[in-house]
Each structure stands twice: as structure tokens, then as C-alpha cells.
Amino acid sequence: MNRILIIAPNWIGDAVMSQPLIAHLKAIYPQSQIDVLASPWVAPIYRACSEVHQVIEARLEHRQLQWGLRKQLAKQLELNQYTTCYVLPNSLKSALIPWLANIPFRIGYRGEMRFGLINLTLDNPSKVNRPPMVNHYLALANSLEHSQEIDTNKPVDPKLNISPVAKESISAKLQAAVINENLIYVLCPGAEYGATKRWPTDHFASLAQQLIANQPDAHMILLGSKGDYALGEHIKAEVNNDSRIHNWCGKTSLDEAIALIGVSKMLVSNDSGLMHIGAALKVSQVAIFGSSDPRHTPPLSEKAKVLWLNLPCSPCHKRECPLGHLKCLKDILPITVLGAIQTSH
């Protein structure tokens, strides 16, 4: 097997969860060259994977066919003469490019109407009994007959590396903001999915105040996307704009966010892509779960502590609380999170 192409998923957390598959493929085919086709949104995750030879970025939009762009990409990829392609998303669109690029082995789960586009298929697990995402992706490695059969029930932790360029860039930013690299708490108030995955901003503010009261030299950096900036501003206002709290939501690239999490003393986050990055970097972390299920998408690290109330109504996987009370998150109190942080050191 010479050249392998991976069609990346569209979510940061899922991208992190696919790293053990790539590492396993590299271990069983050490001479192979593994490339990843990814959107700019998740490309930094694969740049942090030592097993990946090349990340090919493509602006493939969510829920859009972009037929012209897909044909053009397929033409370009065909020149690379890939022998095998692993298609990680379940959509029809994601299977088009490897089919158009005439890649002989196209491996993936049975998805929406893609019979023929994927020629080595696995059945999707039932929604009731879903395996952890890492194992879901790892199982794809067993689809080629001559590959070594792996136990996909065994937990495997994703591992990411920090690029030296991003490390340098974030060090310069911290220096400019007069922030001591050794005493950083990274707080991530956002979650792309919606409010049912977001611990209340007032709770984040209260936690930040308590951390600063306990460690006056510490700095809190609020990290997230541009869409999380308003959440960060709310937290800052709640703590009277204390100069030790910095709202960097939307102000770092994902490569820099990876580097910043890597140097932090502690990461506190919702169930989000940044949570999975923290786990893959093996930093101390507290992960707060509400409407989602830590049995399916846990942070895979011995340094991670999960807080989940496991209420009768959860996991509901809804974007808005069907009962209107959001107890699954509101009832996780700042003092509980602070206790989890203190017992992590």
C-alpha cells in the first residue's frame, strides 16, 4: 500500500477522534504516505498529527454540493495515485471526490445513498448502542482483509503534537500581554452545537473569580471561536473586567489554540472540540457535560475529569432544553468545578 487518503470529518472533536485510526494505519503500513483532505476549519488538527504527510485544504461548505469544486479536487487528487481512501463522514457528498478520483479502495460506513461510491462498507452501529467515536473510526482499519485485525473495543487515546511555529506564535502573544506561561487557566465557554452544551457564563465568571482569589498571579484566558466572543465579554463584565482575565475568543487560529492549551496549567471546557484537543495534548482538564453523552464522546485522557449529572432527562442531544430548565448544566456549581480542579493538581 503506497498512498492513503483520508476524507476528514467536519467537526474538530471528530477530527481529533480520527487520529488513532491514522496512527494505526501508519503502524501497519509504515511505508505508506497518508494525506488528509480537510476543510480549513479542521485542517490544523491534522497538521498536529505526526503520521500525516500532507494536509490538503478545501473549502467544502456544509450542506452544499459544490459539484465544480469537487470535480476539480478529484482531478488534482487523481494525479497522486492513491490506492486507498477512508471516507470518515457519512454523507453522499464526502464519497464523491474519491470516486471521481478513481481511487480503487474506498472505505467507509454505509451512509446516505452512496452505494457504489464506497466499495468497502461497514454497517453503521445502532444509535442506541453506539461505540465511542474513536473506536467507530478505528473499526474502518479492519475492512481490508490483509490488515492486522485490531480490537476496536479497547480504548485508544488520540495524541496531538504542537507545531513549533504555533508554539512560537502563542509565546509571542503571551509575552505581549504580559502573561506568565506557567500560570494559565484556559476556560472555553462555547460549544458549537448550542446552549444545551454550554455551562452558564455566570458559572464560568464565578469560577474565574475563585481561581484568581486562590492564585492572584494566575491568568484566565477565554478561548473559543468568533461566535464565542460575546460569551467571553459577558464573563469579563461579571468579574469587573479584571485585568487577569483575557477574552481571546476568535483572536487565535486553531493552530495557536492548540499551542495555548498545550502550555496551560488547566483546561475547563464544555463538551467541545477544544475539550478533545486538551485530552489529546494530555493537559489537566475538567470537562462539563450537559445534553451530550460522555460515554460516547469522552475526553480520552487520564488527566481529564468529567462532570456530568446524568439526570433522567439526559443525554437528550437537543440543541435547546426540551424542558426549559437546563438543570443538567445549571446544577453543576462553580464550587464543584473548583473542587475538581484542586484535586487534579
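Begin by selecting helix 2, residues 19-28: 7 of its 10 residues are buried, so helix 2 is largely enclosed by the rest of the structure. Please bear in mind throughout that the model is predicted.

**First stop: around helix 2**

Which residues of helix 2 are buried? Colour Gln 19, Pro 20, Leu 21, Ile 22, His 24, Leu 25 and Ile 28, for these are the buried residues of helix 2. Next, display what these buried residues pack against. Three helices belong to the list, namely helix 1 (12-17), helix 3 (43-47) and helix 6 (133-138). The strands in the list are strand 1 (3-7), strand 2 (33-38) and strand 4 (84-87).

**Second stop: the whole chain**

Now zoom out and show the entire chain as a cartoon. The chain contains 13 helices and 12 strands. Its radius of gyration is 21 Å, close to the 20 Å that the globule rule gives for 345 residues, so the chain is as compact as a globular protein of that length. Along the principal axes, the C-alpha atoms fill a box of roughly 60 × 45 × 35 Å.

Two packed helices are described by the angle between their axes and the distance between the axes. Select helix 10 (residues 254-263) together with helix 11 (residues 273-280). These two helices pack at an angle of about 50°, and their axes are 9 Å apart. That angle makes helix 10 oblique to helix 11. The crossing in which helix 10 passes helix 11 is right-handed.

Show the side chains at the contact. Helix 10 contributes Leu 254, Ala 257, Ile 258 and Ile 261, while helix 11 contributes Leu 274, Ile 277 and Gly 278. Of the residues in this contact, 6 are nonpolar, 1 is polar and none is charged.

**Last stop: Glu 256**

Remain in helix 10 and select Glu 256. Is Glu 256 buried or exposed? Its relative accessibility is 11%, and Glu 256 therefore counts as buried, the cut-off being under 20%. To see its surroundings, display Ala 166, Ser 169, Ile 170, Lys 173 and Lys 251, which Glu 256 touches when residues up to four places away in sequence are not counted.

Conventions:
Residues are numbered from 1 along each chain as its sequence is written. This is a predicted model: local features need pLDDT of at least 70, side-chain atom pairs count only at pLDDT 80 or more; totals for chains, interfaces and linings use all residues. Side-chain values use heavy atoms; hydrogens and water are left out. Axes are lines fitted to C-alpha atoms, for helices over the stretch in contact, and angles run from 0 to 180 degrees between N-to-C directions. Helices (H or I, at least four residues) and strands (E, at least two) are DSSP runs, numbered from the N terminus. Angles under 35 degrees count as roughly parallel, over 145 as roughly antiparallel, 65 to 115 as roughly perpendicular and the rest as oblique. A crossing is left-handed if the near helix is turned anticlockwise from the far one by less than a right angle, and right-handed if clockwise. Contact means heavy atoms within 4.5 Å. Ala, Val, Leu, Ile, Met, Phe, Trp, Tyr, Cys and Pro count as nonpolar, Asp, Glu, Lys and Arg as charged, and the others, Gly among them, as polar. The radius of gyration is taken over C-alpha atoms; the globule rule is 2.2 Å times the number of residues to the power 0.38. Buried means under 20% relative accessible area, exposed over 50%, partly exposed in between (1.4 Å probe, protein chains only).
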